[in-house]
Amino acid sequence: MNHETTTLISLKEAMKRWLRVPGGNKPGSQKMRVDNKLQVLDLQFRELDITKDNLTQQFEHHSKILASQAAQDEMWTAVLALGFTSMELNILYSYVIEVLICLHTRVLQKLPDLERSLPTLASVLRRKVKNKRVRMVWESVLEEYGLQERDVTALCTFFIAHGNRAEHYAANIRRMYIKDVTFMITNMVKNQALQDGLLRAVQVIEKGKAVRTPENQRAPLKELIPSIKD
């Protein structure tokens, strides 16, 4: 016998051994066993696909969590490392606190029946996670002011870090001390998310709304905010 014939016989014998179970090797039973084994293999492959998809989703979710934690760490590091004088810090704090008050006030205007249960902005931020109505109102308020969640995160981080020692300055006092707050922010704040948040806070207070720019055009944001001068 040539090599090809020997190979075919070997494959045939291997298939017989694979299919052989108690009960004989009748043609009908062989077909049933083949079908059953193919079904088992198909089920195993499906289970592997499901496992792969679950692992992929878990990996992606974990990656997002790590990325978020890294961004938060960078934000805190940037906020705590700000090299402003007390006067400059007070001016930034004034814009920040006024924006946060505006957001809270606007939410209460839209949800007057929840005024007692939402006494602070922090309570709004907590309730919006599980309460769809509060979440929808919150998102609409952010849109009104041209802000996004990351802007609020930056402003809240700044407030938590410096609110206990900062002082609020009225608008006329701010202008008297600092002629160009935009330049001060862009020159001193290097963290992009924090810089964007502070610049938009200035816009909200001075112009009533921040200007949103596409992600691929974030760098020129400072050019969209005119200098605050007398």
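Q: Before we start, what counts as a contact here?
A: Two residues are in contact when they have heavy atoms within 4.5 Å of each other. Bear in mind that this is a predicted model.

Q: How much of the protein is buried?
A: Of its 230 residues, 33% count as buried.

Q: Let's talk about the core. How many residues are in the largest nonpolar one?
A: The largest nonpolar core has 49 residues. Leu103, Val181, Leu194 and Leu198 are the ones with the most contacts inside it.

Q: Which elements give two or more residues to this core?
A: These are helix H2 (27–80), helix H3 (86–110), H4, H5, helix H6 (149–162), helix H8 (181–188) and helix H9 (192–207).

Q: Which of them gives the most?
A: That's H3, with 12 residues.

Q: You mentioned Leu198. What is Leu198 in contact with, leaving aside neighbours within four places in sequence?
A: Leu198 is in contact with Leu92, Val96, Leu155, Phe158, Ile185 and Val189.

Q: Moving on to helix pairs. How do H8 and H9 sit, parallel or antiparallel?
A: Their axes cross at roughly 175° and come within 10 Å. An angle over 145 degrees counts as roughly antiparallel, so H8 and H9 are roughly antiparallel to each other.

Q: Which residues make that contact?
A: From H8 there are Val181, Thr182, Ile185 and Thr186, and from H9 there are Gln195, Leu198, Leu199 and Val202. In terms of type, the contact of H8 with H9 has five nonpolar residues, three polar and no charged.

Q: Now H4 and H5, what's the angle there?
A: Helix H4 (residues 121–130) and helix H5 (residues 132–145) pack at about 120°, and their axes are 6 Å apart. H4 and H5 are therefore oblique to each other.

Q: Is that crossing left-handed or right-handed?
A: The crossing of H4 and H5 is left-handed.

Q: Who's involved in the contact, on H4 and on H5?
A: H4 brings Leu121, Val124, Leu125, Arg127, Lys128, Val129 and Lys130, while H5 brings Lys132, Val134, Arg135 and Trp138. The residues of this contact split into six nonpolar, no polar and five charged.

Q: Changing topic to single residues. Arg174, buried or exposed?
A: Arg174 is buried, with a relative accessible area of 3%. Its place is in helix H7 (residues 171–177).

Q: What does Arg174 touch, not counting residues up to four places away in sequence?
A: Arg174 touches Ile91, Ser94, Tyr95, Glu98, His168, Tyr169, Ile205 and Glu206. As for spacing, Arg174 and Met87 are 87 residues apart in sequence, and 9.2 Å apart in space from C-alpha to C-alpha.

Q: And Arg150, where does that one lie?
A: Arg150 lies in helix H6. With a relative accessible area of 28%, Arg150 is partly exposed.

Q: How far is Arg150 from Gly197 in sequence and in space?
A: They are 47 residues apart in sequence, and their C-alpha atoms are 7.6 Å apart.

Q: Last one, where is Leu147 found?
A: Leu147 is found in the loop between H5 and H6.

How values were computed:
Residues are numbered from 1 along each chain as its sequence is written. This is a predicted model: local features need pLDDT of at least 70, side-chain atom pairs count only at pLDDT 80 or more; totals for chains, interfaces and linings use all residues. Side-chain values use heavy atoms; hydrogens and water are left out. Axes are lines fitted to C-alpha atoms, for helices over the stretch in contact, and angles run from 0 to 180 degrees between N-to-C directions. Helices (H or I, at least four residues) and strands (E, at least two) are DSSP runs, numbered from the N terminus. Angles under 35 degrees count as roughly parallel, over 145 as roughly antiparallel, 65 to 115 as roughly perpendicular and the rest as oblique. A crossing is left-handed if the near helix is turned anticlockwise from the far one by less than a right angle, and right-handed if clockwise. Ala, Val, Leu, Ile, Met, Phe, Trp, Tyr, Cys and Pro count as nonpolar, Asp, Glu, Lys and Arg as charged, and the others, Gly among them, as polar. A nonpolar core is a set of buried Ala, Val, Leu, Ile, Met, Phe, Trp, Tyr and Cys residues joined through side-chain atoms within 4.5 Å. Buried means under 20% relative accessible area, exposed over 50%, partly exposed in between (1.4 Å probe, protein chains only).
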